[in-house]
Structures are given as C-alpha cells and as structure tokens.
Amino acid sequence: MVSAFAVLGLLHAGAVDLSQPFEESALYNANQAYLSLKSGARRGVRGFAILKNGKLAAEWYRRDISAETLTTGWSVTKSVSSILIGMLVGEGGVATTDSLEQIFPNSTNWSSVTDADQKKAITLHDALAMTSGLDDSDSDPFASQNSLVEVLNFGAFKPEAEGEFRYLSEVHLLAYVIYFAAGLQTNIAYAQAGLLPKLGISTFTWFADAYDTSMISAEGLGGSAYGLSLRLLDFAKFGQLALQGGQNKAEEQLVSADWMARSTSNQQPYSWASANSIVEGTTTEQYMGYGYQWWTFRHT
C-alpha cells in the first residue's frame, strides 16, 4: 500500500526498459483481478495498478485522482533510499560495515549527541536493517530534524534493543548517509543525477517533512524515512526494478543484483514473530521479515 495506492507486481519475463511508460497487456483492465480490486476498493484507496511480466495489466483511480496525481509514498521512501545507498556502495562511496563515525565527518558535533559513543558505533548494515539499538517510538514525530545532530538525537539508543529489530518510522538518518557518501550531494540531487531519469521519472516532490512541506534541512535534504511523492505508475517502477534484480533495462544494471537480493531478503538475525497472525493458525514470522528498508514477504 502506497498512501492508499496499491501496486502489485508479478514475476517478470525479461527486463523491460523502465525509462519508458509501461506497455498495456492484451487483457488490460479486462481481467478478474481488475474487476475484483475495483469492486472491493474502499473510500481510502486512491488507486491501484497491477503489473504482470513487466506490462500493465490493470489500473484504476478514484474519481478525484488521475494518473498524473502525486501522492506521498510515506515509508516507500525508505526503499528508495536503500536503492540510492546500494548505488553508492557499488561506486565505493560507502560500505555496509562502515560505522556512523566513519561515514560522518570529523566536524560532526558529537558532544551534542546523546549516547554519542553508542551511536558512533552503529554500522550502516544495522541502520538499514533496523537492528541498531535506536528506537523512535517515544519521539515526537513533529520534532525538528533539520540538522545531523537533530537527526542523531531524534531516536534514543536503548542497549536492550541492540541487535533487535526496532522499526524506525520517522528518523531521516539515511538521508545524511547518502549526503556524505555522495560527496555532499543531497539525496534529491543524487537521485536526479542517475536513478530517477533511468526510471523515466521527472515529476516528483521530496520534502524533509511530509507533514510540513516548509521544513527543509539546512543542507536541503529530502526525508529518507518518508517525504517522496510520485505518480502511481512511477512508484511501480521501483517494484519492477526490484523484480528485475536492479536492471533498469536489459543488460543495464542500475544497482547491483546482489544489493537488491540483500535488500529484499530478511536480514533479521533471529526470530521476531509477533502474536498477530496474517493467516489463521500462522504467525507473522512465517510470512514477513525486514531487509534493507524493505519489508519481505514469503510467497505461499
């Protein structure tokens, strides 16, 4: 679900050129999936799209929404941030074993950061997999994150959480990882230089705060936890990119296949099943996990 937009992708047959619009399938909007989803769409659903074999099988929008409407992707922004970091890893700009102390400059005002020693030691792997010991569940979602120090202070370090999965819904930490790993390019500028044009995306907004679009960091960063708004079918480009193993078209690797595999594979070191069930008689553990800023689901 993307801001009440639904995007479903089925396994592809060969890489399609993602810089181009999706081709419509032979049974576009004339299949049971379209009819079922359309009839079941609730008021909060803005639209949906289904891709099969890299082609658009179904597409629907609420009456007040069109294919050109930009909608906030909320935490899908996390997955886009992961792709940007994967590109930087491929370029040698950063490694998942690097600590925040290594990634951020010597001029970082660590003396103003709570639990600075513990936060310095957090690796990029743990920041991506959300096993860093950071916890933002008690943080004010409207608190300022307009500087690196404010971002580092947004989530509390909890020793008992280190190595455990703790979902960080709000922290824009990875925006600063991208900024420094990309040689002081903002995540927006870095995305515009390669990722977005390769996916044929030119229309978007990207704010540091999805609640207050006037809130921009001192460096002009977009949020890495949320804040990116796109058209529905542009969000679908990222799902198709993952299905294509990081290829934006045949024989052109935008981000490595290894990175996409790691990002979309469960990175949790142990069982973390909740008491809730997705399917009657089964635990969530059997069906979902978390990779590098991607939720992972086991097909059944």
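Author: Strand S4 is joined to strand S8 (residues 228-230) by 2 bridges, and the two run antiparallel. Here strands (E, at least two residues) and helices (H or I, at least four) are DSSP runs numbered from the N terminus, and two strands pair if DSSP finds at least two bridges between them. The model is predicted, so local features need pLDDT of at least 70 and side-chain atom pairs count only at pLDDT 80 or more, while totals for chains, interfaces and linings use all residues. Residues are numbered from 1 along each chain as its sequence is written, and side-chain values use heavy atoms, leaving out hydrogens and water.

Within S8, Leu-230 stands opposite Thr-71. The open sheet has 3 strands in the order S4-S8-S7, with antiparallel pairing. S4 (71-72) and S7 (205-206) are its edges; each has a single partner strand, so one side of each lacks a neighbour in the sheet.

Strands S2 and S3 (residues 55-61) also run antiparallel, joined by 6 bridges. They form a hairpin with 2 residues between them, and Asn-53 in the turn has a positive phi of about 55 degrees. Leu-51 has Leu-56 in S3 as its bridge partner. Strand S2 (residues 47-52) is largely enclosed by the rest of the structure, because 5 of its 6 residues are buried (under 20% relative accessible area with a 1.4 Å probe, protein chains only).

Next come the nonpolar cores, sets of buried Ala, Val, Leu, Ile, Met, Phe, Trp, Tyr and Cys residues joined through side-chain atoms within 4.5 Å. The largest contains 69 residues, and Leu-173 and Phe-104 are among those with the most contacts inside it. Helix H7 (residues 173-181) supplies the largest share, 8 residues. A second, separate core of 7 residues includes Val-45, Ile-50, Ala-57 and Ala-58.

Leu-173 also lines the largest cavity, together with residues including Lys-78, Met-130, Ser-224 and Gln-293. A cavity is a set of points on a 1 Å grid over the protein atoms alone where a 1.4 Å probe fits but cannot get out, and lining residues have an atom within 4 Å of a point. The volume of the largest cavity is about 110 Å³, the space filled by probe spheres set on the points, which are joined across faces, edges and corners.

Terms used. Buried means under 20% relative accessible area, exposed over 50%, partly exposed in between (1.4 Å probe, protein chains only). On a 1 Å grid over the protein atoms alone, a cavity is a set of points where a 1.4 Å probe fits but cannot get out, and a pocket is an open set with protein on both sides within 12 Å along at least five of seven lines; lining residues have an atom within 4 Å of a point.
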